[in-house]
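Trainee: I'd like to go through this one with you, a few residues and a few helices at a time. Where do we begin?

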Amino acid sequence: MTTDLTGRLAVVTGASDGIGRELATHLAHAGADLVLPVRNPAKGEAAAALIRRANPTAKIRLERLDLADLASVTAFADALLGEGRPLDLLVNNAGVMLPPQRQVTVDGFELQFGTNVLGHAALTLRLLPLLRAAHGRVTTLTSAAAKHARIDWDDLSAERKYRGTRAYGRSKLLNLLFALELDRREAAVSSNAAHPGTTLTNLYRTTPGPLRAITGRFAQSPARGVLPPLMAATAPDAGGRLYGPDGFGEFTGGPTELAVYRSARRPGDGERLWRVLHQLTGIGAGE
């Protein structure tokens, strides 16, 4: 049962489809006022219509945001900061997965690193004043791919060598590290991470055909995949934790708390990431 969120403000990135739309639907049902930042307004309007169909009284506002463009992140955050309403929940859900060739963001970063990691880090850091004011929560989507990922601190943007799966796993490990470090540093904000298991969404549209066929055998629907992120976003006392499916290999299953992956427990990595993120996003540590 989702916590009553009547009157609470929630921002969910990537809510045009998949896990994001499912999560936004649950939050609307719980009474939250939703701000859905989207890159594609037409897809955003279609998603909002589906959410309202399930929740006729839902309060939904669409805004423009391209996480692959740090100027767009700043503009969106500045607009919310200008309104001054405390932010109760931020869900960093949007993501890019497995481009077959290396692509870059507007700012020149490898697309998965620039979108999944830098875009969401910049968004979260800029919105911290509103999150602190509400004693709010940040839930960041990661992946089981983070479990076996490694961080090449000298090549975070995969300029020397690009492999889609490696870059994706690294971006998801960095998402997890960011979530844990944010919780450690921010006394007034609760931060955690969650992954939906293997859930068939549009993220898999760039997956090679044979791999996509295999994935389909070990996958669940977005209606099931949303449950771990929903738990992370709404359960009490959930800071500093990781949530995911309880089934074999964390592919599918019911929502549960997971042990934080060993890859995310290396001493010093969280602090190092924090410095790197402030440097690459251009956000001062005191902002």
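Mentor: Let's settle one term before we start. A polar contact here is a pair of N or O atoms within 3.5 Å, and inside the protein one of them must be able to donate a hydrogen and the other to accept it. Keep in mind too that we're looking at a predicted model.

Trainee: Okay, then which backbone oxygen does the side chain of Ser 263 reach at 3.5 Å?

Mentor: Setting aside neighbours within four places in sequence, Ser 263 is in contact with Ala 146, Lys 147, Ala 149, Leu 173 and Asp 269. The side chain reaches the backbone oxygen of Ala 146 at 2.7 Å. At 3.5 Å, the backbone oxygen reached is that of Lys 147.

Trainee: Is Ser 263 buried or exposed?

Mentor: The cut-off for buried is under 20% relative accessible area. Ser 263 has a relative accessible area of 13%, so it counts as buried.

Trainee: On to the helices. At what angle do α4 and α6 pack?

Mentor: Two packed helices are described by the angle between their axes and the distance between the axes. Here helix α4 covers residues 111-126 and helix α6 residues 164-185. Their axes are 8 Å apart, and the packing angle is about 15 degrees.

Trainee: So are α4 and α6 roughly parallel or roughly antiparallel, and is their crossing right-handed or left-handed?

Mentor: Angles under 35 degrees count as roughly parallel. With an angle of about 15 degrees, α4 and α6 are therefore roughly parallel to each other. As for the hand, their crossing is right-handed.

Trainee: Which residues of α4 make the contact?

Mentor: On the α6 side, the contributors include Gly 164, Ala 167, Tyr 168, Ser 171 and Phe 178. By class, the residues of this contact divide into eight nonpolar, six polar and one charged. On the α4 side, the contact is made by Gln 112, Phe 113, Asn 116, Val 117, Ala 121 and Thr 124.

Trainee: How about α3 and α4, at what angle do they cross?

Mentor: The contact involves Leu 70, Val 73, Thr 74, Phe 76, Ala 77 and Leu 81 of α3, and Leu 118, Gly 119, Ala 122, Leu 123 and Arg 126 of α4. These residues are eight nonpolar, two polar and one charged. α3 passes α4 in a right-handed crossing. Their axes come within 9 Å, and the crossing angle is roughly 25 degrees.

Trainee: Where is Leu 65, and is it buried or exposed?

Mentor: Leu 65 is in the loop between β3 (59-64) and α3 (70-83). Among the residues it touches are Val 73, Phe 76 and Leu 123, along with Pro 37 and Val 38. Its relative accessibility is 6%, so Leu 65 counts as buried.

Trainee: And what is the relative accessibility of Gly 31?

Mentor: Gly 31 lies in the loop between α1 (18-29) and β2 (33-38). Not counting residues up to four places away in sequence, Gly 31 touches Leu 5, Thr 6 and Gly 7. It counts as partly exposed because its relative accessibility is 23%.

Terms used: Residues are numbered from 1 along each chain as its sequence is written. This is a predicted model: local features need pLDDT of at least 70, side-chain atom pairs count only at pLDDT 80 or more; totals for chains, interfaces and linings use all residues. Side-chain values use heavy atoms; hydrogens and water are left out. Axes are lines fitted to C-alpha atoms, for helices over the stretch in contact, and angles run from 0 to 180 degrees between N-to-C directions. Helices (H or I, at least four residues) and strands (E, at least two) are DSSP runs, numbered from the N terminus. Angles under 35 degrees count as roughly parallel, over 145 as roughly antiparallel, 65 to 115 as roughly perpendicular and the rest as oblique. A crossing is left-handed if the near helix is turned anticlockwise from the far one by less than a right angle, and right-handed if clockwise. Contact means heavy atoms within 4.5 Å. Ala, Val, Leu, Ile, Met, Phe, Trp, Tyr, Cys and Pro count as nonpolar, Asp, Glu, Lys and Arg as charged, and the others, Gly among them, as polar. Buried means under 20% relative accessible area, exposed over 50%, partly exposed in between (1.4 Å probe, protein chains only).
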